[in-house]
Amino acid sequence: MDYVDFIYLNILEKKVLNNSEVSVQYLCSKPCIVNLEAVASSEFRTGVPVYRRRWKDEKNLYVSRTRQVHLKFPSIMVYRDDYIIRNSIIVHSVILYAWISHKSASNYDDEQNEDYQAAVAKNYTFLEAVPPFERPYKDHKVCLQWGADYLWMLQANRIPQCPHESDGVQVLEFIYASSGEKTGIVKKFEQFENRELETVRQHQIDYPMFTISIWLYLLHHCEKDLCGILYFIDSKEMYGTPAVFLNEEGYVHIQMHLVRGDDLAVKTSFSLPLKQWFRLDLSFKGGQIEVSSVGKNLKRHHHQSFTFREDFYYDDTGGYFVLGGSGYVNGIEAFFGPVKYYRLNVLETEQISNPLHDKDTVEQIELYYERCMDIQEIVYDYRYIVRQGEKAHRSCYYENYYLELIHKYGEKSKCDAFMWGKELREKYHTLFKLLQEMDFSSPDVLEDGSDTVVEVGQRIFEKVVKGLSSANGLSNLGSSVPLLVDSSCCGYHKASYFLAVIFETGLGVPVDRIKGLLYSLVGAQGNERLSVMNLGYKHYQGINNYPLDLELSYAYYSNIAIKTSLDQHNIKGEQAFVETIRLMDDELLKAQTKENGDVFMWLKHEATRGNAAAQQRLAQMLFWGQQGVAKNPEAAIEWYAKGAIETEDPVLIYDYAIVLFKGQGVKKNIKLALELMKKAAAKGLPQAVNGLGWYYHNFKRDYRKAAKHWLIAEELGNPDASYNLGVLYLDGIYPGVPGRNQTVAARYFYKAAQGGHIEGTLRCSLYYITGNMEDFPRDPEKAVIWAKHIAEKNGYLGHVIRKALNAYLELSWHEALLHYILAAETGIEVSQSNLAHICEERPDLARKYLATDCVWRYYNFSVSQVNAPSFEMGDFYYYGYQNQSKDLELSMRMYAQAALEGDSQGFFNLALVMEEGNSIPSYILDHLEIDQALHSSNTSLLQELYYRCWNNSNQESISPCSLALLYFYMRVLWNNVLHSTLIYFMGTFILSILVAFAVQSFQSLSGNDSEDATRAVPQDEPTLSNDLSQQESNPQSPLVTS
């Protein structure tokens, strides 16, 4: 009978457990060796033997035998992490192999290297791996120290979770208003944390596979060349793959960077639609590009494919993406909706998940532009009809002198015979009424139709603002809203910002967040500076239902920051110097003046007498519109010239040279300007030395002399010189240095920014948002802060703040409230504090016209700003404000913040909180840098707080802080006296003397004669009272303003 060798495995629980029992049934026809081996695979290694066992069987031939074997695996495979097992492994699979080899007994001690494939009988089975956090803890049979055991118990049951990572990235969720400027949203992508995803990404660098989906609402096609939709900038600041643009005809221009280093571009055969929402989908697969446009109903409108034999180079971590504009190209004039980017996958249109969120706002944008098309058409047609009538009448004037006089002095021409239907006239009745009141024969109304429409919008706006700025102007705010809407539709977007503020704050109307957002977006798209800053601020803080988005905030702030730099070189327009003037600061308010004010007249008197400082200050006030003086560049230049000629003051000479170089308010005179600049530089003025370098750079193209002067000026601490040296390195024209050197240039820009240089700060903010420079690691928050700092110096914003301050000084409360709200909503901290102060000063006004709690809202906004006074909010949290509950800890945080910003009131209030029996949390003391080890007692801590209060206040006069510190020292001294050993000794001694004296007196009285017994006892003897004066307990004093 022939016997066949076999081997079977039987396991009751097929899991990787310690001491798992396996039943091995086998039969050997010859002397054999039975082998058992477990092989495991993990994320990092495969085919690792983790268990081996073998035995020989020479006697039991031709007999089926069964043997029970206990499997023992490494602890890191079967137990959870603990204090000893630090890194258990995740096992993907375990295979248990069993086989029989016909070997002699002499070979048993050899290495176990039998070939499984050559075995006479073999078998295998799979074991299921147990997840790490489902495994038991191992009993190590050891005792840990108490500290080690406690530390382990704190984290014993924590189950770490891997962050979910997908290749699908939501680049943009909220609507972005792109105004067509050279600013946009910057996004940077890092390598995947997931090893598998990162491996796929690296494999696809020379064979790209990705999809981009962009929602758009286009207003215009590109005016010239190309406008940016979405494009990639690599580490060398060159266009990469992909680069998607819009051309003048509305076609999509797509550019790719090839592996061999060249670029390739294609253009779609279809154009993108205007003034309707659509989705642009682009997918790249190797050398194939698919482009589709999809409507709101997700039905495909257009589709086109491009196929190339070239290989595209695509590394989305080697640079940054831009949505909209940048320093290299203007952005499109549009609203961006949600943008989705699939980094590793090619998807069909139906597979893309990128819904158009916020449907209410999307519909409002569509309705707004539909209405505006009607309004613009009405204005254009009305103006055309009136102008045609003017021409017809003018032809008769030369024949009839009487008609000419009527035209010149009589009522202006208007259109009474409407060509529009009744329904349209009723719908826009306010617009038609205003058009009838306007004079279209004025020479300042241009022939161009679009300019005329904007001019009409400006006239409507000015009429509304004039009414709102009157004594009770805010009472008519509700009726002014339709006029502001008409003005906005005419393209005058100051009206758009007015509407945004009105609806967001509920100024004279119910709060409407959707309309507030609509007009904010419309105003920002129309490049209204305050609207753009409003959106930048809201996204920076994440308030008023605006999502916190630093990249989106930077896109808005950088737009205004760039304009601020340009606006400062333009002396025209409604601009004023941005001044930090708080309504609580009486000294600063007294210093405000006008052309007929005492301060201005005194400066003018001194300037006339030849006082150089007075001439310089007077010229600055007039040139920039400072300290309440109206901007008057022509008058300022007269004082610059007078001072430069008469006083020989280097600053006045330099200032006059600058205006002569640039021709600002005066005819250019390069020769005289150069003479004056050299004269100021010879007097050692750093900015004049820099000015000479600027002259040699701009007029002579002598970069060697320019660099020489700039190096001298930089050593003298001039930030303009630092910036200019950076420009030489950036442009690759620094003498003796071949090629561009961005690294050195960036260092000079940073030095200039540290000195307050506007362009230098802008450059550094760009480096921080892109992260493309080695010395500037990507930091979106720092980029926003730097751009915000420059944007808040904008002269148009300063004009609004100045109007608000002037109105307040003139007690024009309605106008002051209106303009402070406009400034406060842009995020200007001083305007927010001043507005809250007005609302405290005139609560009746705030309650009547504002739907929001003015005081709470704007003090709350202000405390989140840099250098904002926080003690007002601290008082609100301390006492509870209206429907806001009390929060002692939060109030102490506000006081501490005010203290850190140098406000003595913060320290004073913290001390009073302690006097009332409350303790200050340790983290607040750490924030104040108060060592709790040195000030462990309340007395020591109070002394430190009162001392800091006094140290931060005016030490030359008596202040609440100085009185509080003196009172504190007196209390400490008195307590020390009362509780000293000396006072107890003196009291005992005096009491003993009094007792002895009383006994002696009694004895002497008892021995007197009887006649003496009737003598009266003196009644005026002094007595010692044992009632010691006690210190009063600390009163529950309210927190007062010092």
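User: Why is the disulfide of Cys 372 and Cys 489 called left-handed?

Analyst: In this predicted model, the torsion about the S-S bond of Cys 372 and Cys 489 is about -65 degrees, so the disulfide is left-handed. Cys 372 lies in helix 4 (residues 359-397) and Cys 489 in helix 9 (residues 477-489), so the pair ties together parts that are 117 residues apart in sequence.

User: What makes Cys 372 and Cys 489 a disulfide?

Analyst: The distance between their sulfur atoms is 2.0 Å. The cut-off is within 2.5 Å, so the pair counts as a disulfide. A disulfide is a covalent bond between the sulfur atoms of two cysteines.

User: Are Cys 372 and Cys 489 buried or exposed, and how do you know?

Analyst: Cys 372 has a relative accessibility of 3%, and Cys 489 has 2%. Buried means under 20%, so Cys 372 is buried and Cys 489 is buried.

User: How many disulfides does a search of the whole structure find?

Analyst: The search finds 4. Among them is the link of Cys 222 and Cys 227, with an S to S distance of 2.0 Å. That value lies within the 2.5 Å limit, so the link qualifies. The angle about the S-S bond of Cys 222 and Cys 227 is 70 degrees, and the link is right-handed. Cys 222 and Cys 227 are both buried.

User: What makes Cys 839 and Cys 854 a disulfide, and which parts of the chain does the pair link?

Analyst: The sulfur atoms of Cys 839 and Cys 854 are 1.9 Å apart, within 2.5 Å, so the pair is a disulfide. With 75 degrees about the S-S bond, the link of Cys 839 and Cys 854 is right-handed. Cys 839 is in helix 28 (residues 829-841) and Cys 854 in helix 30 (residues 854-863), distant parts of the chain 15 residues apart. Cys 839 and Cys 854 are both buried.

User: How do you know whether Cys 143 and Cys 764 are buried or exposed?

Analyst: Cys 143 has a relative accessible area of 81%. Exposed means over 50%, so Cys 143 is exposed. Cys 764 has 0% relative accessibility and therefore counts as buried.

User: What makes Glu 310 and Arg 260 a salt bridge?

Analyst: The closest N and O atoms of Glu 310 and Arg 260 are 3.0 Å apart. The limit is within 4 Å, so Glu 310 and Arg 260 form a salt bridge. The pair links distant parts of the chain, 50 residues apart: Glu 310 is in the loop between strand 18 (300-307) and strand 19 (319-324), and Arg 260 is in the loop between strand 14 (251-257) and strand 15 (263-271).

User: Why is Glu 310 called partly exposed, and why does Arg 260 count as exposed?

Analyst: Glu 310 has a relative accessible area of 30%. Under 20% is buried and over 50% is exposed, so Glu 310 is partly exposed. Arg 260 has 52%, over the 50% cut-off, and therefore counts as exposed.

User: What is the N to O distance in the salt bridge of Glu 504 and Lys 538, and what makes the pair tie parts together?

Analyst: The N to O distance for Glu 504 and Lys 538 is 2.8 Å, within 4 Å, so the side chains meet in a salt bridge. Glu 504 lies in helix 10 (residues 494-505) and Lys 538 in helix 12 (residues 529-541), so the pair ties together parts that are 34 residues apart in sequence. Glu 504 and Lys 538 are both buried.

User: Which side chain meets Lys 141 in a salt bridge?

Analyst: The side chain of Asp 139 does, with 3.1 Å from N to O. That is within 4 Å, so Lys 141 and Asp 139 qualify. Lys 141 and Asp 139 are both exposed.

User: Which residues are linked in a network of salt bridges, and how many salt bridges does the structure hold?

Analyst: The network links Glu 198, Arg 201, Asp 315, Asp 316 and Arg 343. The structure holds 28 salt bridges.

Terms used. Residues numbered from 1 in each chain as written. Predicted model: local features only at pLDDT ≥ 70, side-chain atom pairs only at ≥ 80, totals over all residues. Heavy atoms only, no water. Buried < 20%, exposed > 50% of the residue type's maximum accessible area, 1.4 Å probe, protein only. Helix = DSSP H or I, 4+ residues; strand = E, 2+ residues; numbered from the N terminus.
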